[in-house]
Amino acid sequence: MRKQITVLAALAALLRLATTTTNPVYAKTTTKKVTRTIKIYKPGKYTQVKQTATLKKKGRKWTTSKWKSYKASSVSGYKSSTDNSLSSQSQLRQAAVNVVNSFRAKAGVKAVKMSSKYNAVLDKRATEKAKQYVTTGTYDHSGYNSLLRYLSTYPIVNGKIIYYGSETLHACYYNAQSGDATAEMKSSLTSTFTENMQAEKDDYQAIVVKKTRKNITNISGTYEHYTMMVDSGNHTAYIGVGHYGSGSNAMVCVVIEFHA
């Protein structure tokens with residue numbers, strides 16, 4: 001009798017197993033929406049564009065998704081203001097060093113070499129100075145720290161002033177609405193920088209060659225920048241460029257560290 005009860009119990013257990021599902025139970029598929037807001041300002045009108053991307057979840061994993069690409073529409077009478085690409089920055093740096101080497105060639109000395117070692121630091125500095133000019137109408141050497149290892153001294157070597165360290169600033173307006181803002185900045189920078197160099201050359205000749213301070217064209221009355229640019233030493237130029245503003249009030253600035 002005991003054996004019969006045991007067998008019946010075993011059969012009952014098997015029947016329960018046969019009616020139990022073996023498939024795992026997952027959570028129902030769920031979705032989640034992520035929205036981004038694009039703020040658009042057109043002259044006289046402010047609008048927003050909202051885009052939604054949908055994520056789906058099954059089990060423990062979420063799918064990936066992405067927003068649709070958005071292209072800003074053009075506005076009649078307005079054009080893109082500036083180009084922040086590395087190519088643009090490189091062109092502006094080269095334009096500045098070309099001015100230096102043009103004056104050095106006329107002075108019969110070797111061209112300077114350009115280093116990219118401090119680009120990030122000097123680009124930031126140039127942008128700050130461009131902003132200062134746009135907002136105040138002037139700029140100065142406030143906040144300046146010479147690059148490491150160099151001192152702002154002017155030793156006399158064979159009767160010539162040899163310039164180590166310090167900073168040269170040149171800022172000028174450009175047309176930010178130009179179809180090619182980089183070309184516009186390059187042209188303005190080259191023109192202004194060349195004029196400044198010539199003014200400093202005139203100062204140098206008046207003070208050193210003619211032994212007089214008459215006909216000084218540079219407002220600051222200095223000639224060290226020109227002397228720095230054309231002495232016969234082997235030099236490396238560290239150049240930063242930055243721009244700020246829009247329309248006819250846009251400013252581009254070049255910062256030059258010039259070392260032996």
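Reply: Helices (H or I, at least four residues) and strands (E, at least two) are DSSP runs, numbered from the N terminus, and two strands pair if DSSP finds at least two bridges between them. This is a predicted model, in which local features need pLDDT of at least 70, side-chain atom pairs count only at pLDDT 80 or more, and totals for chains, interfaces and linings use all residues. Residues are numbered from 1 along each chain as its sequence is written, and side-chain values use heavy atoms, with hydrogens and water left out.

A171 has C253 of strand 9 as its bridge partner. Strand 7 and strand 9 (residues 250-259) run antiparallel and are joined by 7 bridges.

Now the rings. Rings of Phe, Tyr and Trp (its six-membered ring) pair if their centres lie within 6.5 Å; planes under 30 degrees apart count as stacked, over 60 as edge-to-face and the rest as tilted. The count by this rule is 5 aromatic pairs. One of them, Y133 with Y139, is tilted, at 5.4 Å centre to centre and 40 degrees between the planes. Y204 and Y226 also form a tilted pair, because their centres are 5.7 Å apart and their planes at 45 degrees. Y204 lies in helix 4 (residues 181-209) and Y226 in helix 5 (residues 224-230), 22 residues apart.

Buried means under 20% relative accessible area, exposed over 50%, partly exposed in between (1.4 Å probe, protein chains only). Y226 is buried at 9%, whereas Y204 is partly exposed at 24%.
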